[in-house]
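Work through the exercises below with the structure open. Try each task before reading its solution.

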Protein chains: 2
Amino acid sequence: MTPFKPVKQVKASEEVFNQLKSAIFKGQYLAGEKLPSERELIATFCVSRTVVRESIKALEASGLVQIKQGATGGAFIKELTFERLTSATKDLFFMNQMTFSEICEARLNIEPMVARLAAENCTEECAEKLRLACSKENDSLEYPETVMLRSHVHYLLADMCNNRYLTAIVKSMIQLVGRITEEFQPNTDEIHPAGLHDVIVEAVIAGDGAKAEREMYLHLKTFLTITQEIERQYRESLAS
Amino acid sequence: MTPFKPVKQVKASEEVFNQLKSAIFKGQYLAGEKLPSERELIATFCVSRTVVRESIKALEASGLVQIKQGATGGAFIKELTFERLTSATKDLFFMNQMTFSEICEARLNIEPMVARLAAENCTEECAEKLRLACSKENDSLEYPETVMLRSHVHYLLADMCNNRYLTAIVKSMIQLVGRITEEFQPNTDEIHPAGLHDVIVEAVIAGDGAKAEREMYLHLKTFLTITQEIERQYRESLAS
DNA sequence: GATATTTAAAATGTATGACATTTGAATTTG
DNA sequence: CAAATTCAAATGTCATACATTTTAAATATC
């Protein structure tokens, strides 16, 4: 055993990628700001344009920067939102690594708890938004607007729980269920008549967390069961 | 208004990326399989090597393929695990888009529910693993092994809930808390003595979901409060 | 014949130079 | 002053050459 350690041969593009990523994480570049241009990066890192471009491309694919072309173009730091979580979830779903049932079950278990948190944090401003959303649920019965209208309350409650992680998770689940619903376009008034959220919203506005949790669970239990059934029938019709 | 629609100028590399991604999503390439080599892709898409390489680089950064060099190298389809969710969560955390408290709160609300589900699905094989993990919690008090040992039960329970989405979420939260713990390296036996999980595991093995949920909540409430306090003190010491 | 060693081949990685395209800003023109 | 034009700076694409890595086959060595 020699006292020497192997010189780890890191690929140049990977090294550049890591350094840039670190800089971004350290806050050296803030959201909206621009990374140095390709030419400057070439000079800074002493590598070819190929390497610089591939590194930046990787940053873009990672969702950290957005590349714009043109005179004032460049790699702009993206505001790191929770969109990444949502998109990762979607990908898993569409690669059949996650079933619709799993989403529904998770939602059934998590969203009531979020409703409870929302009730504990409800301000007058929130209350107003909730009332408005409820009153507008009947404004359209056409797809895809109706899905947006009838799920608006769910989004508002997710925003109210004061926990961005939970907000992100819940929103991604709502989106996925919404997408499935849009695909099959069942009669909205049959599977999800307007006004179903009224009792939940009442409880939230009253600050009654326990009741909000209970009512949300009941609501989802009914709705998701129906939705799953629709999806099941669809798959059966395909098989026959 | 002319009847014409603008010809959207999609960048070639983006187009190639999308087509490859679609193919992967459609199951045209299974995990472990290899995408065509650069040369073949050049011929297939009629683009330059630059475009092909940047596309594949983007696929790699998206976590869909892993590139290997050498004679039998190429872009190999990765088994799409939930690792992507975890990494997205980590990034958000390290960019200060998510606080430690938010993670703790989410975990406190979700993991007890997962423990309940685990209790409802507990097989004899699972029970054996749980008992073993409990018995080994004292095998090391050194970092980082101790963190692994003392969190093993949590991982097992996450696996047992029979919902891969919940499993992924919980695991990523455990990892983040573990990482924080490692950073400060408090005396393990003080903040998390061995045997704390025994009562939870008992309940799970007995199939008592309600009790498992309750005990997990109590356990986490204590542990996470302490952890948050440690982190708070650390930040204060920095400020002074 | 078994085992090292060498060689060859196939794949990705990097460098370089040229040109194309996009886009905003400076400049000209009416 | 406003509209049109030109210009310049940035990214996007192409083509070619060579470097590096890795495996497998060919070859030499014992």
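Predicted model: local features only at pLDDT ≥ 70, side-chain atom pairs only at ≥ 80, totals over all residues.

**Exercise 1. The interface of chain A and chain B**

Describe the interface of chain A and chain B by residues in contact, area buried and salt bridges.

Solution. 
- Step 1. Start with the residues. On chain A, 45 residues are in contact with 44 residues of chain B.
- Step 2. Take the area. About 4300 Å² is buried between the two chains. Carbon and sulfur atoms give 57% of that area.
- Step 3. Find the main contributors on chain A. Glu54(A), Met95(A) and Tyr165(A) supply 15% of the area that chain A buries against chain B.
- Step 4. Turn to charge. The rule finds six salt bridges across the interface. Arg53(A) and Glu54(B) meet through their side chains in a salt bridge, at 2.8 Å from N to O.
- Step 5. Between chain A and chain B, 16 residue pairs are in polar contact, counting pairs with both residues at pLDDT 80 or more.
- Step 6. Assign the elements. Several helices of chain A give two or more residues to the side that touches chain B, including helix 1 (12-25) and helix 8 (164-184). Helix 5 of chain A gives the most, eight residues.
- Step 7. Sort by class. The side of chain A that touches chain B has 22 nonpolar, 12 polar and 11 charged residues.

**Exercise 2. Ser55(B)**

Decide whether Ser55(B) is buried or exposed. Then list what Ser55(B) is in contact with beyond its neighbours within four places in sequence.

Solution. 
- Step 1. Locate the residue. Ser55(B) lies in helix 3 (residues 49-61) of chain B.
- Step 2. Apply the cut-off. Buried means under 20% relative accessible area. Ser55(B) has 1% relative accessibility, so Ser55(B) counts as buried.
- Step 3. List the contacts. Beyond those neighbours, Ser55(B) is in contact with Ser13(B), Val16(B) and Phe17(B).
- Step 4. Check the side chain. The side chain of Ser55(B) reaches the backbone oxygen of Ser13(B) at 3.0 Å.

**Exercise 3. DNA strand D**

Work out which parts of DNA strand D the protein comes within 4 Å of, and which residues are closest.

Solution. 
- Step 1. Count the surroundings. DNA strand D is surrounded by 25 residues. The closest are Arg39(A), Arg49(A), Ala12(B), Ser48(B) and Ala71(B).
- Step 2. Of the atoms of DNA strand D that come within 4 Å of the protein, sugar and phosphate account for 67%.
- Step 3. Pick examples. A backbone N or O atom of Ser48(B) lies 2.8 Å from a phosphate oxygen. A backbone N or O atom of Ala71(B) lies 3.0 Å from a base oxygen.
- Step 4. Assign the surface. Helix 3 of chain B gives the largest share of the surface near DNA strand D, three residues.

Technical notes. Residues numbered from 1 in each chain as written. Chains lettered and ligands numbered in written order. Heavy atoms only, no water. Contact = heavy atoms within 4.5 Å. Buried area = accessible area lost by both parts, 1.4 Å probe. Salt bridge = Lys/Arg side-chain N within 4 Å of Asp/Glu carboxyl O. Polar contact = N/O pair within 3.5 Å; in protein donor to acceptor, adjacent residues only side chain to side chain. Helix = DSSP H or I, 4+ residues; strand = E, 2+ residues; numbered from the N terminus. Nonpolar A, V, L, I, M, F, W, Y, C, P; charged D, E, K, R; others polar. Buried < 20%, exposed > 50% of the residue type's maximum accessible area, 1.4 Å probe, protein only. Near = heavy atom within 4 Å.
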